[in-house]
Amino acid sequence: MRYLNEEELNIASRYLFLSMAIIVIEKDIQHVEKGPFKIKEPYLKLLYKMDSIAKNERRQLRKKMHDQNIKVVLKDKDDTFSTYLFLARGYEEEKRYFNPVIRKRVEDLLDELMLQAQKENLSQAVQVHNS
């Protein structure tokens with residue numbers, strides 16, 4: 001039976017997967033900074049922009065979750081599945097995710113963040129050029 005409404009579940013799951021994407025971005029920044037790249041700046045600029053966009057959105061989601069008293073808690077994790085507990089309005093809903101599905105959702109989010117960061121960088125470059 002479903003206890004959380006669709007909006008609550010969307011907010012909480014977006015927060016969950018965005019948090020995972022931020023961890024991936026932060027690790028990628030470390031790899032680029034320490035890696036044998038000849039020209040690091042374009043990669044770092046993109047990753048830092050993605051990190052900023054993701055953290056801003058996560059901050060907004062955290063506020064919504066606080067206002068609506070929504071929480072997400074990792075309940076169990078093994079090699080195949082991760083189980084999360086979603087809490088809202090005094091109700092609990094447990095969701096099991098197949099780990100490769102989590103990976104795919106995080107990958108899709110990274111693609112979305114990359115596209116958004118590229119658009120913002122491009123619009124900033126156009127503004128500077130037109131000034």
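This is a predicted model: local features need pLDDT of at least 70, side-chain atom pairs count only at pLDDT 80 or more; totals for chains, interfaces and linings use all residues.
Q: What makes α2 roughly perpendicular to α3?
A: The axes of helix α2, residues 41-67, and α3 cross at roughly 110 degrees. Angles of 65 to 115 degrees count as roughly perpendicular, so α2 is roughly perpendicular to α3. The axes come within 9 Å.

Q: Which residues make the contact of α2 with α3?
A: From α2 come Lys-45, Leu-46, Lys-49, Met-50, Ile-53 and Ala-54. The α3 side includes Leu-110, Leu-113, Met-114, Gln-116 and Ala-117, and also Gln-118, Glu-120, Asn-121 and Gln-124. By class, this contact has eight nonpolar, four polar and three charged residues.

Q: Why is α1 called roughly perpendicular to α3?
A: The crossing angle of the α1 and α3 axes is roughly 75 degrees. The range for roughly perpendicular is 65 to 115 degrees, and therefore the term applies to α1 and α3. Their axes come within 9 Å.

Q: What makes up the contact of α1 with α3?
A: On α1 the residues are Ser-13, Arg-14, Phe-17, Leu-18, Met-20, Ala-21, Val-24 and Ile-25. On α3 they are Ile-102, Arg-105, Val-106, Leu-109, Leu-110, Glu-112 and Leu-113. The contact divides into 11 nonpolar, one polar and three charged residues.

Q: Which elements line the largest pocket, with at least two residues each?
A: They are α1 (6-34), β1 (70-77), β2 (81-88) and α3 (99-130). Helix α3 gives the most, with six residues.

Q: What is known of the space and the lining of the largest pocket?
A: The pocket holds about 320 Å³ of space. Its lining has 13 residues, and those nearest the centre are Met-20, Lys-77, Ile-102, Arg-103 and Val-106. The lining consists of eight nonpolar, two polar and three charged residues.

Q: Why is Gln-118 called partly exposed?
A: Gln-118 has a relative accessibility of 40%. Buried means under 20% and exposed means over 50%, so Gln-118 falls in between and counts as partly exposed. Gln-118 is in helix α3 and is one of the residues in the contact of α2 with α3. From Gln-118 to His-129, 11 residues apart in sequence, the C-alpha to C-alpha distance is 16 Å.

Q: What makes Val-128 exposed?
A: The relative accessible area of Val-128 is 64%. The cut-off for exposed is over 50%, so Val-128 is exposed. Val-128 lies in helix α3.

Q: Why does Asn-69 count as partly exposed?
A: Its relative accessibility is 46%.

Q: What is the phi of Arg-89, and where is Arg-89 placed?
A: The phi of Arg-89 is positive, at about 50 degrees, although Arg-89 is not a glycine. Arg-89 is in the loop between β2 and β3 (91-98).

Q: Why is Arg-89 called partly exposed, and what does Arg-89 touch?
A: Arg-89 has 46% relative accessibility. With buried under 20% and exposed over 50%, Arg-89 therefore counts as partly exposed. Residues up to four places away in sequence not counted, Arg-89 touches Tyr-3, Leu-4, Asn-5, Glu-8 and Asn-69. Arg-89 and Lys-71, 18 residues apart in sequence, have a C-alpha to C-alpha distance of 9.9 Å.

Notes
Residues are numbered from 1 along each chain as its sequence is written. Side-chain values use heavy atoms; hydrogens and water are left out. On a 1 Å grid over the protein atoms alone, a cavity is a set of points where a 1.4 Å probe fits but cannot get out, and a pocket is an open set with protein on both sides within 12 Å along at least five of seven lines; lining residues have an atom within 4 Å of a point. Grid points are joined across faces, edges and corners, and a volume is the space filled by probe spheres set on the points. Helices (H or I, at least four residues) and strands (E, at least two) are DSSP runs, numbered from the N terminus. Ala, Val, Leu, Ile, Met, Phe, Trp, Tyr, Cys and Pro count as nonpolar, Asp, Glu, Lys and Arg as charged, and the others, Gly among them, as polar. Buried means under 20% relative accessible area, exposed over 50%, partly exposed in between (1.4 Å probe, protein chains only). Axes are lines fitted to C-alpha atoms, for helices over the stretch in contact, and angles run from 0 to 180 degrees between N-to-C directions. Angles under 35 degrees count as roughly parallel, over 145 as roughly antiparallel, 65 to 115 as roughly perpendicular and the rest as oblique. Contact means heavy atoms within 4.5 Å.
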